[in-house]
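Have the structure open while you read.

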Amino acid sequence: MKSGGPAIIGKISYTNSWPVYHHFDPSVLSFPARMVSEVPSVLNRGMATGDIDVGALSSFAFAEASDRLLLLPDLSVSSDGPVGSIFLFSKGTVEEAANGTIAVTNTSATSVNLLKILLEKAIGGQPEYISAEPDLEKMMERADACLLIGDHAIRGMWQNRHYTVTDLGELWKSWTGLGMTFAVWAVSRKSAREVPEAIGEIYRAFAESKRSGLRNLEPVVREACGRIGGTPEYWYGYFRNLCYDFGERQQEGLNLYFRYAYEMGLLPRKVKMEFWSDNLLTRVKE
C-alpha cells in the first residue's frame, strides 16, 4: 500500500476464480481498498512491481517473483485431473503437435510453460511456438495446434467442430499422478511487513468469500451463464471440478511443476514457497 493510498487488490477476470471473489467486497473493509480485475498477465506484472498489494496471480508469475511475495494459505485454483479451461486444440494428435508449430495465448505464462513441460519433457517433442491473440480459428490458420485458456478456451470448446482437444490438467495428471495449481493468492512482502493488520483483514475476507461462494454456487453459475453463455449444468460441473484449497497435495503438484520449469531453464532459480500467516502479524505487534 502506497503511503496514504488505498490497498490495491488483484482479481483474475476469468470465471475459474469467481467462487473465491463473488462475496468479496472491498468497500466493507475497515480501510480504503480498490479491486483491479484483469487477465493474469496484467495482474502478474502488478504483483511483481508492487503496484498490486495482494490478490490472485498465475502460479508461474508467483515463482518468478517469489523473493518479493508470500503465498496466502488455502487459496488456489487447482485441478486433480481435467481442469476444463486449458486446452490444446490440434489438427492431429498431441504427439504430432509436439513437433509442429503451436500458437500460444499471450495471457498466462503458467499454461504456456506447462505446455512446454508436457510437450518437451513428457513427450520429447521440439515444437515451434508463436504468440497470438486468443482466437481459435485465427490461431489455427497459422499453426498445427493452439493453446487457449480460461473463458477463451471454454468458448473455443463449445465452438470446436473438428480439432482434437487435449486438457492440460488431464495430461499433467496422467504423466505425474499429481494435480496442478494454476493460480495462487499472494501478498507483497513489503505490504505484509508494513500493513500486517490490513493484510490479515483482506485474507480473512477472502477465506470467508470462498466458503460462501462454494457453499452456494447458484449466484456464480447464474452470472457465468449471463456473461459467458452455456447451461447451469455445465457451470455447476465446471466449478465443482475445480479445487480452491491449497493443501499438501496441491503444493506437491506445484512444487514438481516449479522443479521441471527450473530444470528446463524456464525459471532462473529454484522456487521456495513461503507463506504469509497471522504469526507475522503477531511478530510485528511484539
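## Before we start

A quick word on exposure: a residue counts as buried under 20% relative accessible area, as exposed over 50%, and as partly exposed in between. Keep in mind, too, that this is a predicted model.

## Two domains

How much area is buried between domain 1 and domain 2? It comes to about 2,000 Å², and carbon and sulfur atoms give 69% of that. In terms of residues, 26 from domain 1 are in contact with 24 from domain 2.

## Across the interface

On the polar side of things, six residue pairs are in polar contact across the interface of domain 1 and domain 2, both residues being at pLDDT 80 or more. Which elements supply at least two residues each to the side of domain 1 that touches domain 2? They are helix H2 (40-49), helix H3 (59-64), strand E10 (180-188), helix H12 (232-241) and helix H13 (248-263). H13 gives the most, with seven residues. Sorted by class, that side of domain 1 has 14 nonpolar, nine polar and three charged residues.

Side chains of opposite charge can pair when their charged atoms come close. Across the interface of domain 1 and domain 2, the rule finds one salt bridge. Glu263 forms a salt bridge with Lys121, with 3.2 Å between the closest N and O atoms.

## Salt bridges elsewhere

The count of salt bridges comes to twelve. Take Arg211 and Glu208, whose side chains meet at 3.0 Å, N to O. Why are these two about one helical turn apart? Because they sit three residues apart in helix H10 (residues 196-215). Arg211 has 44% relative accessibility, so it counts as partly exposed. Glu208 is partly exposed as well, with a relative accessible area of 35%.

Asp67 meets Arg68 in a salt bridge at 3.5 Å, N to O. Asp67 is partly exposed, with a relative accessible area of 46%, and Arg68 also counts as partly exposed, at 39% relative accessibility.

Asp67 pairs with Arg269 too, in a salt bridge of 3.2 Å, N to O. That pair links distant parts of the chain, 202 residues apart: Arg269 is in the loop between H13 and helix H14 (278-285), while Asp67 is in the loop between H3 and strand E4 (69-79). Arg269 has a relative accessible area of 35%, so it is partly exposed.

Finally, have a look at Gln126, which lies in the loop between helix H5 (109-122) and strand E7 (128-132). Is Gln126 buried or exposed? Its relative accessible area is 69%, so Gln126 is exposed.

Leaving aside neighbours within four places in sequence, Gln126 is in contact with Ala98 and Asn99. The C-alpha atoms of Gln126 and Thr101 are separated by 9.3 Å, and these two residues are 25 residues apart along the chain.

Notes:
Residues are numbered from 1 along each chain as its sequence is written. This is a predicted model: local features need pLDDT of at least 70, side-chain atom pairs count only at pLDDT 80 or more; totals for chains, interfaces and linings use all residues. Side-chain values use heavy atoms; hydrogens and water are left out. Contact means heavy atoms within 4.5 Å. Buried area is the accessible area (1.4 Å probe) that two parts lose on being put together, summed over both. A salt bridge is a side-chain nitrogen of Lys or Arg within 4 Å of a carboxyl oxygen of Asp or Glu. A polar contact is a pair of N or O atoms within 3.5 Å; within protein, one must be able to donate a hydrogen and the other to accept it, and residues adjacent in sequence count only if both atoms are side-chain atoms. Helices (H or I, at least four residues) and strands (E, at least two) are DSSP runs, numbered from the N terminus. Ala, Val, Leu, Ile, Met, Phe, Trp, Tyr, Cys and Pro count as nonpolar, Asp, Glu, Lys and Arg as charged, and the others, Gly among them, as polar. Buried means under 20% relative accessible area, exposed over 50%, partly exposed in between (1.4 Å probe, protein chains only).
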